[in-house]
Amino acid sequence: MLVGIWKRGAQAGLKTAWTLGKIIFPITFILTILQFTPVLPWVTELIAPFMRLIGLPGEAAIPLVLGNALNLYAGIAGILSLELTVKEVFILAVMLSFSHNIFIETGVALRVGVKLWVVLVVRFGLAIISAVLINWLWKGGSETAQYGVIQAKTAVPEGWGEIVLLALQKAAIGVFQLALIVIPLMIVIQFLREKGYMQKLSDRMGPLTRVLGVQPNASSTLVAGLVIGLAYGAGVMIQAVQEDGVSKKDATLVFIFLVACHAIVEDTLIFIPLGIPILPLLLIRLITAFVLTIAVAYVWRRAERTQQKEVTQ
């Protein structure tokens, strides 16, 4: 019995890792190469005038571009290379919390069934609005940020051969790390599913799903995204949509919630070395996730009721 569960879970994990690997490998490969071309500096220079509108210096575009093109760690590395105030670092941290790893996580969202415009509007919209509000409302934080760690510099590759080799290496490592997480996760999920624990978890998550306006069968997607993030939680999300009958509406609402509040532990704690207040960052993410998702669910229900009335008349 357990061997069968392990086998089915491993098969689901391999299938999911292959699906996500086809997204992660080419994107990581291309973006790694672009780091060593004039493209990223050109994008940074293009964004610089906009940065002043949200209370950031032009060079702060560097961590934003890196964080959105790659991941939070790349964005933090960019922040550590600059001398910024606590307020400026906090604005960057909030923006990157809402909008990072945009290419891979957008690819994941599309696989789940979320529309592209929803992904882009929600992620970039939250990042920009939060930055404007923080810049407008917070009058403090003018002291220079004191970073708590020193980032080791990696050797710069020489020539296109080494650059391509580095890109292949990073892409392969990214897929391998994904598989190391996704396959065991899917085995555990398969065990919980076949033993009936997922149903019990769904029942206990009932109050949260009701508040958010989604069905209980979306609970596994919520838990996965909250704990391990959008990219790594995508395996559970994709399987939930395919096997648990999670509707596209619920998948979209859950994704909107998780955009504001995913990998809640890791994505909050990794900002500690930047010397910014962590609790406000966490609260901003949680409050935004609940308010935005509840508001969208309410508007969606109203639109559905209006449509039903028109049909019946």
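Predicted model: local features only at pLDDT ≥ 70, side-chain atom pairs only at ≥ 80, totals over all residues.
Let me begin with L56, which, once its neighbours within four places in sequence are set aside, is in contact (meaning heavy atoms within 4.5 Å) with M51, E88, I91, L92 and M95. Residues are numbered from 1 along each chain as its sequence is written, and side-chain values use heavy atoms, with hydrogens and water left out.

L56 belongs to the largest nonpolar core, which has 70 residues, and there L56, M95, F271 and I276 touch the most other members. By such a core I mean a set of buried Ala, Val, Leu, Ile, Met, Phe, Trp, Tyr and Cys residues joined through side-chain atoms within 4.5 Å, where buried stands for under 20% relative accessible area, with a 1.4 Å probe and protein chains only. Helix α5, residues 86–98, contributes the most to this core, with 10 residues; helices here are DSSP runs of H or I, at least four residues, numbered from the N terminus.

Now to S130, which sits in helix α7, residues 116–137, and is buried, at a relative accessible area of 10%. A polar atom of the S130 side chain lies 2.9 Å from the backbone oxygen of A127, and, leaving aside neighbours within four places in sequence, S130 is in contact with V94, M95 and F98.

Finally, A12 is in helix α1, residues 2–34, and its C-alpha lies 7.8 Å from that of I187, although A12 and I187 are 175 residues apart in sequence.

How values were computed. Buried < 20%, exposed > 50% of the residue type's maximum accessible area, 1.4 Å probe, protein only. Helix = DSSP H or I, 4+ residues; strand = E, 2+ residues; numbered from the N terminus. Polar contact = N/O pair within 3.5 Å; in protein donor to acceptor, adjacent residues only side chain to side chain.
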